[in-house]
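Subject: Handing over the structure

Hello,

Here is the structure I promised to pass on to you. Please open it beside this message, and then read on for what turned up in it.

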Amino acid sequence: MARLNVDIKDLRLKNPVLTASGTFGYGLEFADFVPLDELGGIIVKGTTLAPREGNDYPRMAETPMGMLNCVGLQNKGVDFFCESIYPQIKEIRTNMIVNVSGSSPENYAACAERIATLDRIPAIELNISCPNVKDGGMAFGVTCQGAASVVSAVRKVYPKTLIVKLSPNVTNIADIARACEAEGADSVSLINTLMGMAVDIEKRQPLLSIRTGGLSGPAVKPVALRMVYDVAHAVKIPVIGLGGISNATDALEFMMCGATAIEIGTANFIDPSVTMKVIREMNAWLDRHGVRDVREIIGVIA
Ligand SMILES: Cc1cc2nc3c(=O)[nH]c(=O)nc-3n(C[C@H](O)[C@H](O)[C@H](O)COP(=O)(O)O)c2cc1C
């Protein structure tokens, strides 16, 4: 058996497989399918300072090789998370990571500061890349200045591992990654969803309530892979890769392009136990190729 553990700054992952925010609930919803403590980590649903209703329905649409969503960060707010969700998830023996969103740098920082008080949450993933909310999210992730303003505000109040999730809806994602690194991010994760649209020709209307949504699933994988490759060559901090990963081959491609760890999102909807298969098959691939330590394959593509 190869050695599978990797580090994201102070965060020790028992293997490189994490679940992507918004696709795995709070983990508990998947407990019947996945031994949660065997995951490298679980990135829980997006959390904001105040509760959010999310967007009107319809907010999901199937596409060839993927899906569009415009859920819009529906959640009950950080107080509810701390008081009602945290007590239920704090005994899960893996890294429980909270995905944090906001509408201003101060607002992100206030949410992060609250989560910093929770002992069993060793890291947050800052979502500066949600394409489905008007008041924030992607607005910050598409300029270096916007990204820097959020990371710098959060870094001042958040001492644990800080991962920043990047938007693919930009011209040069490596520039944004460098801006986050300069403000003290410990890691960047990418990609969030790509902006897309679908149309109902009978109604002559967009399929989604807010017209556009975020595309995810296998369709986005080549774009995500190229971006991970670009970012891994632009920063020194560890990169977490995601976008369309649905098997161990996909995961290994991201790692060879420079990802230290990977997240699995939409594939959980198709096969709720996909994460376990990826860990098992990754192990088998490493054994077959005589690789004793998964870290040997990170960034092998120059
Ligand atoms: C239904 C749904 C909800 C999502 N919610 C969030 C969220 O709350 N925060 C976030 O950062 N990303 C969210 N995402 C984006 C995913 O975490 C991931 O970045 C994206 O789907 C690409 O990975 P995938 O192709 O493996 O799904 C969501 C994606 C989907 C499909």
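A word on terms before the helices: an axis here is a line fitted to C-alpha atoms, for helices over the stretch in contact, and angles run from 0 to 180 degrees between N-to-C directions. Please also keep in mind that this is a predicted model.

Let's begin with helix H4 (residues 144–157) and helix H5 (residues 173–182). Their axes come within 8 Å and cross at roughly 30°. Angles under 35 degrees count as roughly parallel, so H4 and H5 are roughly parallel to each other. Their crossing is right-handed. On the H4 side the contact is made by Cys144, Ala147 and Val151, and on the H5 side by Asp175, Ile176, Ala179 and Cys180. Sorted by class, the contact of H4 with H5 has six nonpolar residues, no polar ones and one charged.

H5 also packs against helix H6 (residues 221–232), at an angle of about 45° and with the axes 9 Å apart. H5 and H6 are therefore oblique to each other, and this crossing is right-handed. Ile173, Ala174 and Ala177 of H5 make the contact with Met227, Asp230 and Val231 of H6. Here the residues divide into five nonpolar, no polar and one charged.

H7 passes H9 in a right-handed crossing. From H7, the residues Ala248, Ala251, Leu252, Met255 and Met256 meet Val278, Glu281, Met282 and Trp285 in H9. The contact of H7 with H9 counts eight nonpolar residues, no polar ones and one charged.

Next, the ligand. Which residues are closest to it? They are Ser21, Lys165, Gly217, Gly244 and Thr266, out of 22 residues that surround the ligand. From Thr266, a side-chain N or O atom is 2.6 Å from an oxygen atom of the ligand. Ser21 takes part through its backbone, with an N or O atom 2.8 Å from a ligand oxygen. Asn127 has an N or O atom in its side chain that is 3.2 Å from an oxygen atom of the ligand.

There are also some backbone details to look at. Most residues other than glycine have a negative phi, and most peptide bonds are trans. Against that background, the peptide bond from Tyr57 to Pro58 is cis, with omega near -5°. You will find Pro58 in the loop between strand E4 (41–47) and strand E5 (60–63). The bond from Leu190 to Ile191 is cis too, with omega near 15°, and Ile191 lies in the loop between strand E10 (187–190) and strand E11 (194–197). Lys9 is not a glycine, yet has a positive phi of about 55°. Its place is the loop between strand E1 (6–8) and strand E2 (11–13).

One last stop is Asp200, in strand E12 (residues 199–200). A polar atom of the Asp200 side chain lies 3.0 Å from the backbone nitrogen of Glu202. Leaving aside residues up to four places away in sequence, Asp200 touches Gln205, Pro206 and Leu207.

Definitions and conventions: Residues are numbered from 1 along each chain as its sequence is written. This is a predicted model: local features need pLDDT of at least 70, side-chain atom pairs count only at pLDDT 80 or more; totals for chains, interfaces and linings use all residues. Side-chain values use heavy atoms; hydrogens and water are left out. A crossing is left-handed if the near helix is turned anticlockwise from the far one by less than a right angle, and right-handed if clockwise. Helices (H or I, at least four residues) and strands (E, at least two) are DSSP runs, numbered from the N terminus. Contact means heavy atoms within 4.5 Å. Ala, Val, Leu, Ile, Met, Phe, Trp, Tyr, Cys and Pro count as nonpolar, Asp, Glu, Lys and Arg as charged, and the others, Gly among them, as polar. A residue is near a molecule or strand if one of its heavy atoms lies within 4 Å of it. A polar contact is a pair of N or O atoms within 3.5 Å; within protein, one must be able to donate a hydrogen and the other to accept it, and residues adjacent in sequence count only if both atoms are side-chain atoms. Angles under 35 degrees count as roughly parallel, over 145 as roughly antiparallel, 65 to 115 as roughly perpendicular and the rest as oblique.
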